[in-house]
Amino acid sequence: MWAHLRRQVGWRATRANQSHMVEADQAYGTSRALGPHGILWFFVSKAAAEPFGLRLHMAHRLWYSSPDADNLPTLLAELAKVAERNIANADAAGQRWHPLGPDAAMANGGEVTLPSSASYLGVGVTTLDTADGRWYRLAAGLRMPSPTGYRSVYDLKGHCYVLLTDGTALRIDRDPHRRLGDDGIRSSKPLDADRAHWHNPYADLTEQGEYGTREVWRRLAGLHYILASHLGEGQAP
């Protein structure tokens with residue numbers, strides 16, 4: 001069951017990153033230009049007709065381009081502070097805060113209305129900054145000719161980082177030129193139930209990579225801990 005959910009989350013995050021990139025490209029250079037980072041919220045609900053009787057839900061938040069939304073670790077740290085403040089304010093008013101609203105919502109797209117059986121599954125980020133360069137430079141480059149002609153936005157890569165309530169860390173490296181059969185989904189726990197006991201080179205995924213990558217994981221873990229503690233860690237699925 002968990003292997004299936006991990007794979008579903010990876011696929012949904014991949015599509016979200018692709019959509020994020022296309023929307024950012026379309027809005028580039030306008031007053032509604034999008035920033036390179038976004039947040040992904042994952043929930044799961046009971047659904048008898050779905051595999052394992054569970055349905056995955058995903059909402060997201062994207063930001064307009066601004067200095068405040070440009071640095072991913074800083075953005076995650078600020079979101080954690082906002083979440084803590086929203087929880088405290090709702091508790092003081094005798095209410096219960098939820099990241100999808102209706103009050104102080106932290107999502108502006110996707111499945112923002114959930115069935116009553118839905119429970120928190122995890123949180124992630126989508127980013128258009130990659131080893132090839134920052135999004136703003138890459139987007140500008142799409143508008144300039146190269147020796148081989150103009151590049152397409154569909155040639156660009158993207159990344160996602162996700163933490164789930166069972167302790168799984170997922171990194172999605174979306175690359176349109178990746179070899180056939182490699183979906184770019186890396187997981188600290190098995191993506192295939194039949195390979196649960198195989199050696200996993202990504203078991204310590206959150207400790208891998210350079211400092212900037214590890215800092216994203218650390219800040220994302222802080223936000224995830226707040227949400228899981230508040231919304232009920234272990235209730236999903």
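Modeller: Two strands are said to pair if DSSP finds at least two bridges between them. Please bear in mind that this model is predicted.

Biologist: With that definition, in what order do the seven strands form the open sheet?

Modeller: The order is β3-β2-β1-β4-β5-β6-β7, and the pairing is antiparallel. At the edges stand β3 (109–110) and β7 (185–187); each has a single partner strand, so one side of each is left without a neighbour in the sheet.

Biologist: How many bridges join β5 to β6?

Modeller: Six bridges link β5, residues 158–164, to β6, residues 169–174, and the two strands run antiparallel. Within this pair, Gly158 is placed opposite Arg174, and Val162 is placed opposite Leu170. The hairpin of β5 and β6 has four residues between the strands, and Gly167 in this hairpin takes a positive phi near 95°.

Biologist: Which strand does β6 meet through three bridges?

Modeller: That strand is β7, which runs antiparallel to β6. Here Ile172 stands opposite Ile185 in β7.

Biologist: Are the residues of β6 buried or exposed?

Modeller: A residue counts as buried when its relative accessible area is under 20%. Six of the six residues of β6 are buried, so β6 is largely enclosed by the rest of the structure. Both faces are covered: Ala169, Arg171 and Asp173 are buried on one side, and Leu170, Ile172 and Arg174 on the other.

Biologist: Which helices lie across β6?

Modeller: Helix α1, residues 2–27, lies across β1, β2, β4, β5, β6 and β7, and runs at about 150° to β1. Helix α4, residues 211–231, lies across β1, β4, β5 and β6, running at about 155° to β4.

Biologist: Where are Phe52 and Ala104 found?

Modeller: Phe52 is in the loop between β1 and β2, and is exposed, with a relative accessible area of 54%. Ala104 belongs to the loop between α2 and β3; Ala104 is partly exposed, at a relative accessible area of 41%.

Biologist: Which residues does a cis peptide bond join?

Modeller: The cis bond joins Gly101 and Pro102, with omega at about 15°. Pro102 lies in the loop between α2 (72–92) and β3.

Conventions: Residues are numbered from 1 along each chain as its sequence is written. This is a predicted model: local features need pLDDT of at least 70, side-chain atom pairs count only at pLDDT 80 or more; totals for chains, interfaces and linings use all residues. Side-chain values use heavy atoms; hydrogens and water are left out. Contact means heavy atoms within 4.5 Å. Axes are lines fitted to C-alpha atoms, for helices over the stretch in contact, and angles run from 0 to 180 degrees between N-to-C directions. Buried means under 20% relative accessible area, exposed over 50%, partly exposed in between (1.4 Å probe, protein chains only).
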